[in-house]
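Have a look at the model below before you read on. My notes follow, point by point.

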Amino acid sequence: MSSRSIHCAATAVLALAGAAADARPFTAKDMVMMDRVSDPHISPDGAYVAYDLRTTDYDANRGLHALWVKPLKPAAAAYGLPVSDKGATSPRWSTDGRLYFLSGRSGSQQVWRTDAKGADAVQVTDLPLDVGTFRLSPDGQKIVVALTVFPDCPDLACTVDRNAKAAKNKSAGQLHDQLFVRHWDEWEDGSRNHLFALSLGADGKASGTPIDL
(Lines give C-alpha, C1' and ligand atoms only; values in the text may rest on other atoms or scores of the structure.)
Protein backbone atom coordinates (compact mmCIF):
# COMPACT_ATOMS: atom_id res chain seq x y z
CA MET A 1 0.00 0.00 0.00
CA SER A 2 1.38 3.42 -0.95
CA SER A 3 1.90 6.19 1.55
CA ARG A 4 -0.88 8.15 -0.21
CA SER A 5 -3.33 5.27 0.30
CA ILE A 6 -2.33 4.91 3.96
CA HIS A 7 -2.87 8.64 4.48
CA CYS A 8 -6.34 8.53 2.88
CA ALA A 9 -7.33 5.50 4.94
CA ALA A 10 -6.16 7.16 8.14
CA THR A 11 -8.08 10.32 7.31
CA ALA A 12 -11.24 8.30 6.72
CA VAL A 13 -10.87 6.45 10.03
CA LEU A 14 -10.38 9.70 11.91
CA ALA A 15 -13.44 11.23 10.21
CA LEU A 16 -15.59 8.25 11.16
CA ALA A 17 -14.29 8.38 14.71
CA GLY A 18 -15.19 12.05 14.95
CA ALA A 19 -18.68 11.41 13.60
CA ALA A 20 -19.18 8.62 16.11
CA ALA A 21 -18.08 10.90 18.93
CA ASP A 22 -20.62 13.56 17.86
CA ALA A 23 -23.45 11.05 17.48
CA ARG A 24 -26.06 10.67 20.21
CA PRO A 25 -29.31 8.75 20.65
CA PHE A 26 -32.47 10.12 19.04
CA THR A 27 -34.58 11.49 21.90
CA ALA A 28 -38.25 12.17 22.48
CA LYS A 29 -37.50 15.90 22.37
CA ASP A 30 -35.83 15.46 18.96
CA MET A 31 -39.05 13.90 17.69
CA VAL A 32 -41.23 16.64 19.17
CA MET A 33 -39.06 19.37 17.66
CA MET A 34 -39.15 17.97 14.13
CA ASP A 35 -41.00 20.13 11.60
CA ARG A 36 -44.17 18.54 10.24
CA VAL A 37 -45.49 19.06 6.71
CA SER A 38 -49.17 18.37 6.02
CA ASP A 39 -52.21 19.27 3.93
CA PRO A 40 -50.51 19.94 0.55
CA HIS A 41 -52.60 21.43 -2.28
CA ILE A 42 -51.51 22.22 -5.85
CA SER A 43 -52.67 25.46 -7.47
CA PRO A 44 -55.09 25.20 -10.43
CA ASP A 45 -52.38 26.22 -12.90
CA GLY A 46 -49.97 23.61 -11.52
CA ALA A 47 -47.37 26.25 -10.69
CA TYR A 48 -47.33 25.96 -6.89
CA VAL A 49 -48.02 23.63 -4.01
CA ALA A 50 -49.19 25.17 -0.73
CA TYR A 51 -48.89 23.30 2.55
CA ASP A 52 -49.04 23.60 6.33
CA LEU A 53 -45.71 23.60 8.16
CA ARG A 54 -45.97 22.94 11.89
CA THR A 55 -43.08 23.87 14.15
CA THR A 56 -42.87 23.62 17.94
CA ASP A 57 -42.36 26.28 20.59
CA TYR A 58 -40.95 23.95 23.23
CA ASP A 59 -40.87 26.47 26.08
CA ALA A 60 -44.49 27.51 25.46
CA ASN A 61 -45.54 23.87 24.96
CA ARG A 62 -47.47 24.55 21.76
CA GLY A 63 -47.35 24.01 18.04
CA LEU A 64 -47.04 26.87 15.53
CA HIS A 65 -48.66 26.59 12.10
CA ALA A 66 -47.61 28.54 9.02
CA LEU A 67 -48.39 28.42 5.31
CA TRP A 68 -45.56 27.60 2.95
CA VAL A 69 -45.50 27.57 -0.86
CA LYS A 70 -43.15 25.64 -3.15
CA PRO A 71 -42.98 26.65 -6.83
CA LEU A 72 -43.18 23.49 -8.91
CA LYS A 73 -40.16 24.11 -11.08
CA PRO A 74 -36.57 22.87 -10.84
CA ALA A 75 -34.33 24.47 -8.21
CA ALA A 76 -37.13 26.73 -6.91
CA ALA A 77 -36.99 27.14 -3.14
CA ALA A 78 -40.00 26.91 -0.83
CA TYR A 79 -40.90 30.01 1.15
CA GLY A 80 -43.13 30.90 4.09
CA LEU A 81 -45.99 33.33 3.54
CA PRO A 82 -45.84 36.58 5.56
CA VAL A 83 -49.59 36.28 6.32
CA SER A 84 -48.71 33.31 8.55
CA ASP A 85 -47.15 35.54 11.22
CA LYS A 86 -50.25 35.22 13.42
CA GLY A 87 -50.83 31.56 12.62
CA ALA A 88 -52.49 29.97 9.59
CA THR A 89 -53.71 26.52 8.51
CA SER A 90 -55.76 24.73 5.85
CA PRO A 91 -54.53 26.30 2.59
CA ARG A 92 -57.05 25.93 -0.26
CA TRP A 93 -56.73 27.31 -3.79
CA SER A 94 -59.69 28.88 -5.56
CA THR A 95 -60.18 28.40 -9.28
CA ASP A 96 -58.83 31.91 -9.95
CA GLY A 97 -55.55 31.15 -8.16
CA ARG A 98 -56.18 32.85 -4.83
CA LEU A 99 -55.25 31.05 -1.63
CA TYR A 100 -57.83 30.73 1.14
CA PHE A 101 -56.86 29.66 4.66
CA LEU A 102 -57.90 29.61 8.33
CA SER A 103 -56.49 32.06 10.88
CA GLY A 104 -57.39 33.36 14.33
CA ARG A 105 -55.81 36.78 13.76
CA SER A 106 -59.18 38.54 14.18
CA GLY A 107 -59.81 37.03 17.62
CA SER A 108 -61.72 33.98 16.34
CA GLN A 109 -60.84 31.42 13.70
CA GLN A 110 -62.17 32.64 10.35
CA VAL A 111 -61.49 32.15 6.64
CA TRP A 112 -59.00 34.52 5.02
CA ARG A 113 -57.47 34.77 1.57
CA THR A 114 -54.22 35.87 -0.03
CA ASP A 115 -52.20 35.09 -3.17
CA ALA A 116 -49.16 32.90 -3.86
CA LYS A 117 -46.86 35.57 -2.39
CA GLY A 118 -48.88 35.88 0.80
CA ALA A 119 -48.05 39.52 1.53
CA ASP A 120 -51.58 40.69 2.42
CA ALA A 121 -54.55 38.90 4.00
CA VAL A 122 -58.22 39.71 3.39
CA GLN A 123 -60.88 38.40 5.78
CA VAL A 124 -63.51 36.30 3.98
CA THR A 125 -65.85 35.23 6.80
CA ASP A 126 -66.88 37.19 9.89
CA LEU A 127 -69.00 34.73 11.83
CA PRO A 128 -69.78 34.74 15.57
CA LEU A 129 -68.38 31.20 15.90
CA ASP A 130 -65.01 29.67 15.04
CA VAL A 131 -64.77 28.06 11.61
CA GLY A 132 -63.53 24.49 12.01
CA THR A 133 -62.88 23.83 8.34
CA PHE A 134 -64.14 25.00 4.93
CA ARG A 135 -64.47 24.19 1.25
CA LEU A 136 -64.93 26.40 -1.80
CA SER A 137 -67.47 25.51 -4.50
CA PRO A 138 -65.97 24.68 -7.93
CA ASP A 139 -67.52 27.81 -9.48
CA GLY A 140 -66.16 30.05 -6.71
CA GLN A 141 -69.63 31.37 -5.88
CA LYS A 142 -70.07 29.74 -2.47
CA ILE A 143 -68.15 28.60 0.56
CA VAL A 144 -69.15 25.85 2.99
CA VAL A 145 -67.89 26.13 6.57
CA ALA A 146 -68.08 23.79 9.56
CA LEU A 147 -69.36 25.39 12.77
CA THR A 148 -69.91 23.81 16.18
CA VAL A 149 -73.54 24.53 17.13
CA PHE A 150 -76.32 23.18 19.31
CA PRO A 151 -78.70 21.26 17.00
CA ASP A 152 -81.81 22.57 18.75
CA CYS A 153 -80.79 26.21 18.23
CA PRO A 154 -82.64 28.01 15.42
CA ASP A 155 -79.71 30.30 14.60
CA LEU A 156 -76.06 31.03 15.40
CA ALA A 157 -76.98 33.68 17.96
CA CYS A 158 -78.64 31.02 20.09
CA THR A 159 -75.42 28.95 20.20
CA VAL A 160 -73.37 32.07 20.99
CA ASP A 161 -75.69 32.96 23.91
CA ARG A 162 -75.63 29.42 25.27
CA ASN A 163 -71.83 29.32 25.14
CA ALA A 164 -71.63 32.68 26.90
CA LYS A 165 -73.90 31.50 29.72
CA ALA A 166 -71.86 28.32 30.15
CA ALA A 167 -68.65 30.38 30.34
CA LYS A 168 -70.11 32.47 33.17
CA ASN A 169 -71.10 29.41 35.19
CA LYS A 170 -68.90 29.32 38.30
CA SER A 171 -69.49 25.62 38.88
CA ALA A 172 -66.92 23.22 37.42
CA GLY A 173 -69.03 20.11 38.04
CA GLN A 174 -70.23 17.92 35.18
CA LEU A 175 -73.34 15.73 35.20
CA HIS A 176 -73.77 13.16 32.41
CA ASP A 177 -76.39 10.46 32.01
CA GLN A 178 -75.06 8.81 28.86
CA LEU A 179 -71.79 8.09 27.04
CA PHE A 180 -69.64 9.45 25.68
CA VAL A 181 -68.78 12.32 27.97
CA ARG A 182 -65.37 13.62 26.91
CA HIS A 183 -63.52 14.11 23.63
CA TRP A 184 -59.78 14.64 24.04
CA ASP A 185 -59.59 17.61 26.43
CA GLU A 186 -63.19 18.83 26.19
CA TRP A 187 -66.38 17.73 27.91
CA GLU A 188 -69.27 16.71 25.68
CA ASP A 189 -71.83 19.53 25.89
CA GLY A 190 -74.38 18.43 23.30
CA SER A 191 -73.02 20.58 20.47
CA ARG A 192 -72.41 19.16 16.99
CA ASN A 193 -70.46 20.11 13.88
CA HIS A 194 -72.82 21.38 11.18
CA LEU A 195 -72.08 22.55 7.64
CA PHE A 196 -73.21 26.02 6.64
CA ALA A 197 -73.20 27.53 3.14
CA LEU A 198 -72.55 31.19 2.37
CA SER A 199 -72.41 33.13 -0.88
CA LEU A 200 -69.17 34.79 -2.00
CA GLY A 201 -69.45 38.27 -3.47
CA ALA A 202 -67.47 39.77 -6.32
CA ASP A 203 -64.90 40.88 -3.73
CA GLY A 204 -64.48 37.26 -2.60
CA LYS A 205 -66.02 37.91 0.81
CA ALA A 206 -68.82 35.82 2.34
CA SER A 207 -72.15 37.52 2.83
CA GLY A 208 -75.73 36.80 3.81
CA THR A 209 -77.20 34.48 6.43
CA PRO A 210 -75.38 31.14 6.72
CA ILE A 211 -77.60 28.28 5.52
CA ASP A 212 -77.52 25.20 7.76
CA LEU A 213 -77.13 22.19 5.48
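1. Let's start with Asp39, which is partly exposed at a relative accessible area of 25%. For the labels here, buried means under 20% relative accessible area, exposed means over 50%, and partly exposed is anything in between (1.4 Å probe, protein chains only). Arg92 falls on the buried side, with a relative accessible area of 11%.

2. A word on what we're looking at. This is a predicted model, so local features need pLDDT of at least 70 and side-chain atom pairs count only at pLDDT 80 or more, while totals for chains, interfaces and linings use all residues. Residues are numbered from 1 along each chain as its sequence is written, and side-chain values use heavy atoms, with hydrogens and water left out.

3. Back to that pair: the side chains of Asp39 and Arg92 form a salt bridge, 2.9 Å from N to O. Asp39 sits in strand β1 (residues 36–42) and Arg92 in strand β5 (residues 89–93), so the contact ties together parts that are 53 residues apart in sequence. The cut-off for a salt bridge is a side-chain nitrogen of Lys or Arg within 4 Å of a carboxyl oxygen of Asp or Glu. Strands (E, at least two residues) and helices (H or I, at least four) are DSSP runs, numbered from the N terminus.

4. How many salt bridges does the structure hold? There are 5. Among them is Arg24 with Asp30, at 2.8 Å from N to O; Arg24 is exposed, with a relative accessible area of 56%. Glu188 and Arg192 make another, their closest N and O atoms being 2.8 Å apart. Here Glu188 is partly exposed at 23%, and Arg192 is partly exposed at 43%.

5. Now the sheet. Four strands make an open sheet in the order β9-β10-β13-β14, with antiparallel pairing. Strands β9 (133–136) and β14 (206–212) are the edges, each with a single partner strand, so one side of each has no neighbour in the sheet. The twist averages 30 degrees from one strand to the next. Pairing takes at least two DSSP bridges between two strands.

6. Leu136 has Ile143 of β10 as its bridge partner.

7. Finally, helix α3 (residues 156–168) lies across β10, β13 (192–200) and β14, at about 35 degrees to β10. Contact means heavy atoms within 4.5 Å. Axes are lines fitted to C-alpha atoms, for helices over the stretch in contact, and angles run from 0 to 180 degrees between N-to-C directions.
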